[in-house]
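Subject: Structure for you to look at

Hello,

Here is the structure I promised to pass on. Please open it alongside this email, and I will go through what turned up.

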Amino acid sequence: MIDIINPDMTVLQLLRRLALPAAGLVLLSIPSAFAQEHAPAGDITSQDEIKQFCTNIAEPARDQRYLLQKQELEKLRADIDARMEEMDKRKAEYQDWLKRRDDFLKQAEAGLTEIYRKMKPDAAALQLQDMKIEVASAVIMRLGPRQSSLILNEMDPEKAAVIASVIASASDPNTSKDPS
C-alpha cells in the first residue's frame with residue numbers, strides 16, 4: 001500500500017491511479033453477473049422453443065417423408081412396368097421364333113424321313129450310322145417297321161443296338177420328358 005499511496009500525491013493523482021483498476025474490476029463483475037442471471041432462463045427458453053418447434057414440424061416432416069417415399073415407389077413401379085412390357089415383347093418374339101423353328105423342323109424331319117423311305121436299305125444304313133444317334137433314331141422311328149428293320153439289319157451291330165436303345169427309351173413311359 002505504501003507504493004500506491006504516497007503522501008506527496010494529490011487527490012487527483014490518487015484517483016487516476018485507482019480509477020483504472022476499479023473500472024476493470026467493475027467491468028469484469030458486470031458480465032459474469034449478467035450471464036448468471038440470464039443464462040439458465042435463456043437455456044430453458046431455448047430448449048422449450050426447440051421442443052415446441054420439433055413437435056410442430058413432426059407431422060409435416062413425416063408427411064413430406066411419406067410423400068417422397070411414395071414418389072420414389074411410383075418411379076420404381078413405372079420402371080418395373082416398362083421392363084415388364086419389354087420382357088413381354090421379347091417373350092412374344094421368342095415364342096414366334098420358336099414356333100417358326102418347330103414348324104421348320106417338322107417339315108425338315110418329314111422331308112428327311114421321306115428321303116430315307118425312298119432309299120435302298122443298305123444306302124440308308126450307311127448314311128444313318130454316320131449321323132448323330134438322336135437324328136438317326138428319329139428318322140428310323142418315323143419309317144415303317146419293315147423298312148426300319150431292313151435298315152438296322154444293314155448297319156454296324158453296335159450302332160444299330162445304340163439306335164434301338166434310344167428308340168426303346170423314347171417309348172418308355174417312365175422316361176422323363178425333360179431334356180436336361
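A residue counts as buried under 20% relative accessible area, as exposed over 50%, and as partly exposed in between. Please keep in mind that this is a predicted model.

Let me start with Glu154, which sits in helix 4. Its relative accessible area is 45%, so Glu154 is partly exposed. Setting aside neighbours within four places in sequence, Glu154 is in contact with Pro121, Asp122 and Ala125.

Helix 2 covers residues 121–128 and helix 4 covers residues 145–154; their axes come within 8 Å and cross at roughly 65°. The hand of this crossing is right-handed. On the helix 2 side, the residues that meet helix 4 are Pro121, Asp122, Ala124, Ala125 and Leu128, and their partners in helix 4 are Leu150, Ile151 and Glu154. Sorted by class, this contact holds six nonpolar residues, two charged ones and no polar ones.

Next, Thr113, which belongs to helix 1. Is Thr113 buried or exposed? Thr113 is buried, because its relative accessible area is 4%, and the cut-off for buried is under 20%. Not counting residues up to four places away in sequence, Thr113 touches Val139, Arg142 and Leu143.

Two of these partners, Val139 and Arg142, come back in the lining of the largest pocket. How much space lies in that pocket? The answer is about 240 Å³. Besides Val139 and Arg142, the lining includes Arg101, Asp102, Leu105, Lys106, Glu109 and Leu112, along with Glu134, Val135 and Ala138. Helix 1 (11–118) and helix 3 (133–142) each supply at least two of the lining residues. The largest share is from helix 1, with six residues. By class, the lining of the largest pocket has six charged residues, five nonpolar and no polar.

I would be glad to hear your thoughts.

Best wishes

Key
Residues numbered from 1 in each chain as written. Predicted model: local features only at pLDDT ≥ 70, side-chain atom pairs only at ≥ 80, totals over all residues. Heavy atoms only, no water. Axes fitted to C-alpha atoms, helices over the stretch in contact; angles between N-to-C directions. Helix = DSSP H or I, 4+ residues; strand = E, 2+ residues; numbered from the N terminus. Left-handed = near helix turned anticlockwise from the far one by under 90°. Contact = heavy atoms within 4.5 Å. Nonpolar A, V, L, I, M, F, W, Y, C, P; charged D, E, K, R; others polar. 1 Å grid on protein atoms, 1.4 Å probe; cavity = no way out; pocket = protein on both sides within 12 Å on 5 of 7 lines; lining within 4 Å. Points joined across faces, edges and corners; volume = space filled by probe spheres on them. Buried < 20%, exposed > 50% of the residue type's maximum accessible area, 1.4 Å probe, protein only.
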